Amino acid sequence: MTKHSHDADVAFIQALAELLRENDLTELQVKREYGEDDSLDVRVSRAAPAAAPVHYAAAPAPVAAAPAAAPVAAAPEAASDNPADHPGAIKSPMVGTVYLQPEPGAPSFISVGAQVKEGDTILIIEAMKTMNHIPAPKSGTVKRILVEDGSAVEYGAPLAIIE
């Protein structure tokens, strides 16, 4: 067998970069096997846009419509309504699919009002066919769960709030 062409690799990487941009992804990793001793490992990533946290917050739209009524009161509410800014927010360490229970039909790892200890699994994020248990970074009470079972999450997206 002959080695694959360099031009084909460049075209493949350009296609991955385009896929990254078109789907608004922050990272993509692929391993391409050409033969027994010939493969290509590619990781394409980009910085998330500055407005990315707004994608997960529902509050900014109503606040924009309300400044005429109460401009002074609207600013503090906007800060407290953004879950990513909350001091107890747990953010996703990776891109993947969230699962709130260990298997379908099983009880959820956490629920609103539940007490968790530091290190307890609060959910699972599946990334590249690997189930990654996400531990609680601190002990406390679950105040909010910000994701739905089976939903996709981006790196840095708020998952839950523990106080």
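Let's start at Leu-123. Leaving aside residues up to four places away in sequence, Leu-123 touches Val-98, Tyr-99, Leu-100, Phe-109, Asn-132, His-133, Ile-134, Val-147 and Leu-159. Bear in mind that this is a predicted model.

Where does Leu-123 belong? It is part of the largest nonpolar core, which has 17 residues. Four of them touch the most other members: Val-98, Ile-122, Leu-123 and Leu-159. Strand 6 supplies at least two residues of this core, and so does strand 10, residues 158-162.

Look at strands 4 and 6. They run antiparallel, and 3 bridges join them. Strand 6 covers residues 121-127. Opposite Val-98 stands Ile-125 of strand 6. Val-98 is also one of those core residues with the most contacts to other members.

Last, confidence. The mean pLDDT of the chain is 76, and 76% of residues reach 70 or more. Which element has the highest mean, and which the lowest? Strand 4, residues 96-99, has the highest, at 93. Helix 2, residues 60-65, has the lowest, at 45. Over residues 49-79, pLDDT stays under 50. For that stretch, the model has 11 contacts beyond four places in sequence.

Terms used. Residues are numbered from 1 along each chain as its sequence is written. This is a predicted model: local features need pLDDT of at least 70, side-chain atom pairs count only at pLDDT 80 or more; totals for chains, interfaces and linings use all residues. Side-chain values use heavy atoms; hydrogens and water are left out. pLDDT is the predictor's confidence in each residue, from 0 to 100. Helices (H or I, at least four residues) and strands (E, at least two) are DSSP runs, numbered from the N terminus. Contact means heavy atoms within 4.5 Å. Two strands pair if DSSP finds at least two bridges between them. A nonpolar core is a set of buried Ala, Val, Leu, Ile, Met, Phe, Trp, Tyr and Cys residues joined through side-chain atoms within 4.5 Å. Buried means under 20% relative accessible area, exposed over 50%, partly exposed in between (1.4 Å probe, protein chains only).
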